[in-house]
Amino acid sequence: MMLKGRRPIFLVLVILFSNIIHFSSMVMVVAVRMELIHRHSPKLNNTPMMSEVERMKELLHNDIIRQNKRRGRRLRQTNNNNTNGTRGTAIEMPLQAGRDYGTGMYFVEIKVGTPSQKLRLIVDTGSEFSWISCRYHCGPSCTKKGTIAGSRRRVFKADLSSSFKTIPCSSDMCKSEFARLFSLTFCPTPTSPCAYDYRYADGSAARGIFGKERVTIGLENGRKTRIEEVVMGCSDTIQGQSFAEADGVLGLSYDKYSFAQKVTNSSTFARGKFAYCLVDHLSHKNVSNYLIFGEESKRMRMRYTLLGLIGPDYGVSVKGISIGGVMLNIPSQVWDFNRGGGTAFDSGTTLTFLAEPAYKPVVAALEMSLSRYQRLKRDAPFEYCFNSTGFDESSVPKLVFHFVDGARFEPHTKSYVIRVAHGIRCLGFVSAAWPGASAIGNIMQQNYFWEFDLLKDRLGFAPSTCAS
């Protein structure tokens, strides 16, 4: 079953391009790097200063909306893809943490059109296609540079790009293939652009027309790579606080029209893979790593597990959770994709959501090791917080996610006993309604390298400092 999805997984990338050239079996591999920047980064101009608690509350508000809309969805295993992988170059893009910025979402800057216009996009592994803040047939109001009136958001002027092409509303692509992307039936003339009204699980929305456009990626050596005819929405109406600092969304889902599929299936690049590494959410702006398309040049001791879908999200097959080497008594149906459970792997959710039958034993087991610290009353959704003065991470038993194929994911202690303010830590789990899916959020994923192998339907992972 093909992976496909809809909903924002937010990673902000500022493209700092560099080349990595190495030889393996006499094949030269070139990598392009794009830096991921956290939503609350000071690099995002005019981002309001927020306390750690205010940032976390903002993130959790969107988390809860997404989780509620995820409830009841089923995990669908991916279809086998018989396309043979080929050796080639890779695109590699740096990721940057968000302590200095704000929310648990990340952005990237890319160049779109001819001549190119620079835009800052949210990176979303749950979106099937990419869209940008855009004006089409804007007449005299189209200027070479500028932002939308009353907004800090930059706007792409489609009329100024010679490579922008609309897709007719009378085409089969609009009427059939784009129907799942919320194309509209409105078609005043056969040549009118295909329109869409694209809705996200957190309540955000984008409306506009479908088009195809050129995306340019620069290399450190001065050369440039052009990706032609990327399906790109031209959004003239954008709703939702999620997009406050963004000029659009870069879709990375397993879908025919996503940016991930366009790049990984390109003859120029290694096929079928993309990867990322999220640094600690409290890291400063000088700590970064990369979003990578294609074959990563570094050699890591990767572990692999099955990759599937749960609703619009990538999903993994969990067997159980152990704490301190003891497997917890969690009903098997919690992890069963066919019985209302399953586990999403969601870089757009900040905390980790566990269905109630899993949440209770996990929190109870961790509470015992934290009983020596003064418990504090905190606002929902944190159930257990404590005064972290004198806190020693080594006193907390190791938590391990066990997958059905025998793989084990061992998150860092700081990823599930998280700092939410100075002198305050909380258990980084939120209770999710049952029946319903669980979700491994981006804080739990931090300081690991994650490789999405779409040809082999597997997720690879290895501990990493996420240093460039």
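Which helix lies across strand 20 and strand 26? In this predicted model, where residues are numbered from 1 along each chain as its sequence is written, local features need pLDDT of at least 70 and side-chain atom pairs count only at pLDDT 80 or more, while totals for chains, interfaces and linings use all residues. Side-chain values use heavy atoms, with hydrogens and water left out.

The answer is helix 4 (residues 356–370), which runs at about 20 degrees to strand 20; helices (H or I, at least four residues) and strands (E, at least two) are DSSP runs numbered from the N terminus, and the angle, on a scale from 0 to 180 degrees, is taken between N-to-C directions of axes fitted to C-alpha atoms, for helices over the stretch in contact. Strand 20 (residues 318–323) and strand 26 (residues 399–403) run antiparallel and are joined by 5 bridges, with valine 318 standing opposite phenylalanine 403 of strand 26. Both strands belong to an open sheet of 4 strands in the order 21-20-26-27, with antiparallel pairing, where two strands pair if DSSP finds at least two bridges between them. Strand 21 (326–327) and strand 27 (408–409) stand at the edges, and because each has a single partner strand, one side of each is left without a neighbour in the sheet.

Elsewhere in the chain, strand 7 (residues 106–112) is largely enclosed by the rest of the structure, because 6 of its 7 residues are buried, that is, under 20% relative accessible area with a 1.4 Å probe and protein chains only. Strand 7 pairs with strand 8 (residues 117–124) in the antiparallel sense over 6 bridges, and phenylalanine 107 has isoleucine 122 in strand 8 as its bridge partner. The hairpin of these two strands has 4 residues between them, and in it glycine 113 takes a positive phi near 90 degrees.

Glutamate 213, found in strand 13 (residues 205–218), is buried yet has no salt bridge, and arginine 214, the nearest side chain of opposite charge, is 6.1 Å away; a salt bridge would need a side-chain nitrogen of Lys or Arg within 4 Å of a carboxyl oxygen of Asp or Glu. A polar atom of the glutamate 213 side chain does lie 3.4 Å from the backbone nitrogen of phenylalanine 164.

Phenylalanine 449, placed in strand 32 (residues 448–453), is buried, with a relative accessible area of 3%. Its C-alpha atom is separated by 8.0 Å from that of glycine 460, 11 residues apart along the chain.

Technical notes. Buried means under 20% relative accessible area, exposed over 50%, partly exposed in between (1.4 Å probe, protein chains only). Lys and Arg count as positive and Asp and Glu as negative; His and the chain ends are not counted. A polar contact is a pair of N or O atoms within 3.5 Å; within protein, one must be able to donate a hydrogen and the other to accept it, and residues adjacent in sequence count only if both atoms are side-chain atoms. Contact means heavy atoms within 4.5 Å.
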